[in-house]
Amino acid sequence: MYRWKKFWISVTAALALLLAMGIGIWTGGVALAMPVAGIGGFVVEADEIQITNFKLLPKVGQTSEKSRYPQASSSLDGVIKGMKLYKDFEVGAFKARILITASKDVKASGLVLDMTRMTADSSFKRLKVQEKYSGDPLEKISLSAPSMNLKNVKIRGHYLFANSISIPGMTLDVSLK
């Protein structure tokens, strides 16, 4: 027997998310923050990310489970190959996943990503790690590089904003696991 009320609530929520993303893309900026259990977050996986104008700073930000949690805030321009962005969460007794994929390379500029974990094979050109004296622990260190390349990337993110982004062949899939 189907539970029509839960079905329509799920369909409405998925369509509302898709509409919000469409409006964000149409207005020229996209922001996405989706929480998960524990400290929260969503996952970005990619075969490769080619990055320019990279900067990384420490930050204390929100997650779905904590009002203040240490994070790394990065800003960059980039090309993402083989992108998968997903969020797993519980819907009653079920686990659900919202998955966004692209059929071709994703191009983003003015991208800001706050994260608590990243694994990748990385290579940098002219990496600069700068430490400075400050009473504020968030201003004590920064990293920057005009160019870097990441392969086999997996990121736990908590906030993503792109000033402009192109996602060719975007697919949004909502499924129960």
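Accessible areas come from the Shrake-Rupley method with a 1.4 Å probe, and for residues only the protein chains shown count as cover.

Because the model is predicted, local features need pLDDT of at least 70 and side-chain atom pairs count only at pLDDT 80 or more, while totals for chains, interfaces and linings use all residues. Residues are numbered from 1 along each chain as its sequence is written, and side-chain values use heavy atoms, with hydrogens and water left out.

The chain contains 1 helix and 9 strands, which from the N terminus on follow the order α-β-β-β-β-β-β-β-β-β. Helices (H or I, at least four residues) and strands (E, at least two) are DSSP runs, numbered from the N terminus. Of the 177 residues in the chain, 31% count as buried, where buried means under 20% relative accessible area, exposed over 50%, and partly exposed in between (1.4 Å probe, protein chains only). The chain exposes about 11,100 Å², and carbon and sulfur atoms supply 58% of this area. Among contacts with a separation of 6 or more, 76% are between residues 24 or more positions apart, a contact being heavy atoms within 4.5 Å.

| Strand paired with E2 | Sense | Bridges |
|---|---|---|
| E8 | antiparallel | 13 bridges |
| E3 (residues 69–81) | antiparallel | 12 bridges |
| E4 (residues 84–91) | antiparallel | 3 bridges |

Glu45 itself is found in strand E2 (residues 42–61), and it counts as buried because its relative accessibility is 19%. Its side chain makes a polar contact of 3.0 Å with the side chain of Tyr86; such a contact is a pair of N or O atoms within 3.5 Å, and within protein one must be able to donate a hydrogen and the other to accept it, while residues adjacent in sequence count only if both atoms are side-chain atoms. Leaving aside neighbours within four places in sequence, Glu45 is in contact with Gly82, Met83, Lys84, Tyr86, Val153 and Lys154.

Two residues other than glycine have a positive phi. Arg126, in the loop between strand E6 (106–125) and E7, has a phi of about 55° although it is not a glycine, and Arg126 counts as exposed because its relative accessibility is 68%. Asn152, which is placed in strand E8, has a phi near 55° and is exposed at 54% relative accessibility.

Ser134, by contrast, sits in the loop between strand E7 (128–131) and strand E8 (141–166), and it counts as buried at 11% relative accessibility. Apart from neighbours within four places in sequence, Ser134 is in contact with Glu139 and Lys140.

How values were computed. Pairing = 2+ DSSP bridges.
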